[in-house]
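Keep the sequence beside you as you read.

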Amino acid sequence: MDEQAQIGRYLKNLLDELAINLSIELTVAGFAEIKPSHANIFQHIGPDGSRITELALHARITKQSISALVYQLETWGYLKRSADSRDKRGVLFFLTEKGELLQQIRVQINADFERRLESKLGINNYQRFKESLQKLNK
């Protein structure tokens with residue numbers, strides 16, 4: 001298999017490594033119930049709350065799938081719901097204090113992971129790698 005055909009595998013391996021690292025570190029920090037699928041919520045929830053439809057759109061998964069994750073996190077105390085003041089039929093979900101704490105820890109864990117990548121690649125190579133990924137994701 002030539003190098004070009006393997007880029008998807010390389011990217012998936014890196015994403016898997018990131019997800020496994022996050023899961024392990026969150027378990028160590030006392031958040032063992034949080035799984036990689038919950039990252040879809042924490043990555044995309046807005047500071048002013050988010051609707052299920054918005055979260056599903058950003059996460060690129062079905063409303064049914066994101067709903068199950070949101071309701072689970074709500075039950076565990078990471079999210080709370082509130083009526084949408086712009087549309088009384090709508091419901092917004094917000095991070096609770098517990099959810100905010102997890103969010104801060106998650107951001108720190110991911111920053112540590114990025115520092116390890118930078119250490120492996122060197123500062124200049126890592127910066128080029130990150131800039132390339134940013135360009136590809138626009």
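This is a predicted model: local features need pLDDT of at least 70, side-chain atom pairs count only at pLDDT 80 or more; totals for chains, interfaces and linings use all residues.

Residues are numbered from 1 along each chain as its sequence is written, and side-chain values use heavy atoms, with hydrogens and water left out.

Start with helix α3, residues 52–59. Helices here are DSSP runs of H or I with at least four residues, strands are runs of E with at least two, and both are numbered from the N terminus. The buried residues of α3 are Ile52, Leu55, Ala56 and Ala59. They fall within an arc of 100 degrees seen down the axis of α3, so they line one face of the helix. That arc is taken from the directions from the helix axis to the C-beta atoms. Buried means under 20% relative accessible area, exposed means over 50%, and partly exposed lies in between (1.4 Å probe, protein chains only).

What covers this face? The cover of the buried α3 residues includes α2 (39–44), α4 (63–75) and β2 (87–95). Just after α3, Arg60 takes a positive phi of about 60 degrees.

Now move to helix α5, residues 97–121, where Gln103 sits. Gln103 counts as buried because its relative accessibility is 14%. Leaving aside neighbours within four places in sequence, Gln103 is in contact (heavy atoms within 4.5 Å) with Phe42, Ile45 and Leu95.

Finish in helix α1, residues 7–28, with Asn21. Asn21 is buried at 12% relative accessible area. Not counting residues up to four places away in sequence, Asn21 touches Ile109, Phe113 and Arg116.
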